[in-house]
Structure formats: C-alpha cells, structure tokens
Amino acid sequence: MNLPVEEPPVAVWEQNLAAWRAPASGGDGLSDATAAVQAAMNSGASTIYFPGYEYRLDGRVNIPCGVQRIQGLFSMISGSGTFRVLGPCSTPLQIQD
C-alpha cells in the first residue's frame, strides 16, 4: 500500500536584505540584550538575524507569527532567557546557525 507523501512546509527567504532586522544594541555578552532582541522581533520583519556577537538574554523573548526565519550568523545566545513562539502560526519558523 502506498501512502501519500506530504510535502514539508517551506519558509520563503526574504530576498531584500535591507528588510532583515537585527537587535539594535547588545551583543557584547555582558549586558542584557532582551529588550533589543524583542524590539527586533516586533519590527514586522520576517527575518531576524544576529550578526556574529554574543547576546545575553535575561528575560523572555516572544516571537510573533510574522517572523519566519531567525538567522544566527555565527553568533551566540547566552543567559537565562527563553524564546517563546506566539501562535498558532500559519507559516513555519526556521532557526539556522
């Protein structure tokens, strides 16, 4: 018996790199970057990236459904903070690097 094969959901890359958002501050590994990361998540951008630094999170960061991709770019997330995806969302969230 052949079962139907379901295609996995696909998150589309935002081709316009100017539309990507990064946290406006933080990234020194010492100061709490939670507010800056949350502001990037709330910016309305579908791609949030963390340029190669260490981001210390001491609180919760809520990820809205409009965020479809989080790109690490050789960065590090540290601290006791957490990420929470708000939903249910109709598109998948991809987290890379």
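This is a predicted model: local features need pLDDT of at least 70, side-chain atom pairs count only at pLDDT 80 or more; totals for chains, interfaces and linings use all residues.
Residues are numbered from 1 along each chain as its sequence is written, and side-chain values use heavy atoms, with hydrogens and water left out.

Let's start with the layout. The chain has eight strands and one helix; helices are DSSP runs of H or I with at least four residues, strands are E runs of at least two, and both are numbered from the N terminus. Reading from that end, the order is β-α-β-β-β-β-β-β-β. Along the principal axes, the C-alpha atoms fill a box of roughly 55 × 30 × 25 Å.

Now, how much of the chain is buried? Of its 97 residues, 29% count as buried, meaning under 20% relative accessible area with a 1.4 Å probe, protein chains only. As for contacts (heavy atoms within 4.5 Å), among those between residues at least 6 apart in sequence, 48% join residues at least 24 apart.

Finally, our serine. Where is Ser75 found? Ser75 sits in the loop between β5 (69-71) and β6 (76-78). Leaving aside residues up to four places away in sequence, Ser75 touches Phe50, Pro51, Gly52, Tyr53 and Tyr55. With Phe50 there is also a specific atom pair to look at: a polar atom of the Ser75 side chain lies 3.3 Å from the backbone oxygen of Phe50. Do have a look at that pair in the structure above. Thanks, everyone!

Conventions: A polar contact is a pair of N or O atoms within 3.5 Å; within protein, one must be able to donate a hydrogen and the other to accept it, and residues adjacent in sequence count only if both atoms are side-chain atoms. Buried means under 20% relative accessible area, exposed over 50%, partly exposed in between (1.4 Å probe, protein chains only).
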